[in-house]
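I opened this structure to see how its parts are arranged. My notes follow in the order I looked things up.

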Amino acid sequence: MVDFTLSDEQLALRELAHDFAEKEIRPVAWQYDRDGTFPEAIIEKAWAVGLMNTHIPELYGGVGAGYLDGAILEEELSWGCSGIQTSVGCNGLAVTPLLVAGSEELKREYLGRLVQAPLLASFCLTEPDAGSDVAAMKTRAVRKGDRWVISGSKCFITNGSYANFYTVYAKTDPDAGHRGISCFVVPRDAGVIVDGHEDKMGQRASNTATITFPDVEIPLDHLIGEENAGFKIAMMTLDRTRPGVAAMATGIARAAFEFAVSYARERVTFGVPIAMHQAIQFMIADMATDIEASRLLTWKSAVLLDQGKRNTLLSSHAKRFAADAAMRVATDAVQVYGGYGFIKDYPVEKLMRDAKIMQLYEGTAQIQRIVIAREVLDPARG
Ligand code: CAA
């Protein structure tokens, strides 16, 4: 049976998240975008009301929410501001390697930190010469006595300037390609260096930093999972987090759509509201369909995870479709506003800038198509 009815708990979560987005995020979102302010106060409030770290299981002090629950929450907060949601939600990406493969001790220590205080963590995969091509990374981890020594640098790290700890991928067998990568948890106070954050086109309320590991030493037990199993841990992590990006893209699209509809009802040309013109109606209709389809793919990719099934194909379908749709919808929202859409005093140009990152982070639109093509052509993979 397929039933799209949300449970009472999910409806309550959606209401809580929407209320938070409306009261705490929306009123400051455009100001934060202009100033590039990191939303520390909002993160603390989101943590206090239980809108952060929702995937942490009850065993480790969290609420153990499912992936569909997460998607519902992420769409609402992103409707408020996707830059702020990226800051609020990034812990989910950072700790998924621990949830997938971490030891009990690591989970208790590091998931516990996030439950006990409004701390942040970051996921360190990307390098200047290893973005889409993960296996090309150069960061090294070498065993020295009872320590791992990590050396190298990671870029485009969300929340990097503010993180308490990092999940970090490094080569442990440099000649073994993707089979020579391992995953570690690195506390910031082990000697991590944070370099200034990027001045971005969109999602300007989120922090994006360069993180350097200058021979940082960590205990041997800070290896996550098996040695040289890091590439698969990274892929399994992204399978689990791309539905969240798809949900965020749906939230941006919904915000842009609502602004466009309301403007189309008010703005008069040729003697009638522009909503009466078929040219505008067709754009509004396409936007509405894109949003519905984005949400359906997002929910399906999340439900597969909640059912304990491999969701690689659906995760990429959802991420690629919803990201492309958000870009289309936000661009058309600017079109509906006409020249005013291009002006910063109006809300939609921010949404168009924010939408662009949906096609870039957590795997570009092209990487998603590579994954989809491989899964379709070789369904026995995985
Ligand atoms: N689950 C489990 N295993 C998987 C897998 C999955 N989803 N996908 C691949 N694998 C396995 C394969 O089966 C294969 O296994 P074997 O070693 O047994 O052969 C192995 O992993 C290698 O797979 P591929 O041959 O497909 O690897 P590839 O080098 O061709 O790369 C790729 C595949 C899909 C392009 C991958 O590199 C990729 O996803 N790149 C994009 C990376 C990305 O999304 N980066 C975003 C960073 S995070 C971020 O943006 C957040 C932020 O903070 C800004």
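I counted a residue as near a molecule if one of its heavy atoms lies within 4 Å of it. By that rule 27 residues surround the ligand, and the closest are Ser132, Thr158, His178, Glu362 and Arg374.

I noted that the model is predicted, so local features need pLDDT of at least 70 and side-chain atom pairs count only at pLDDT 80 or more, while totals for chains, interfaces and linings use all residues. Residues are numbered from 1 along each chain as its sequence is written, and side-chain values use heavy atoms, with hydrogens and water left out.

A backbone N or O atom of glutamate 362 is 2.8 Å from a ligand oxygen atom. For arginine 179, a polar side-chain atom lies 3.0 Å from an oxygen atom of the ligand. Threonine 312 has a side-chain N or O atom 3.4 Å from a nitrogen atom of the ligand.

Taken alone the ligand exposes 1,100 Å², and the protein buries 81% of that.

Which elements give two or more residues to the shell around the ligand? I found strand 3 (147–158), helix 6 (230–266) and helix 10 (365–377). Helices (H or I, at least four residues) and strands (E, at least two) are DSSP runs, numbered from the N terminus. Helix 6 gives the largest share of the shell, seven residues.

I sorted the shell by class, with Ala, Val, Leu, Ile, Met, Phe, Trp, Tyr, Cys and Pro as nonpolar, Asp, Glu, Lys and Arg as charged, and the others, Gly among them, as polar. The shell has 12 nonpolar, seven polar and eight charged residues.

Last came the domains, whose bounds come from an automatic or database domain assignment. The chain is divided into domain 1 (8–116), domain 2 (121–228) and domain 3 (231–377). The C-alpha centres of domain 2 and domain 3 lie 30 Å apart. Their contact (heavy atoms within 4.5 Å) takes 15 residues from domain 2 and 15 residues from domain 3.

Why does the ligand lie between domain 2 and domain 3? I wrote down that both domains give residues to the shell around the ligand, so the ligand lies between them.

Notes: A polar contact is a pair of N or O atoms within 3.5 Å; within protein, one must be able to donate a hydrogen and the other to accept it, and residues adjacent in sequence count only if both atoms are side-chain atoms. Accessible areas come from the Shrake-Rupley method with a 1.4 Å probe; for residues, only the protein chains shown count as cover.
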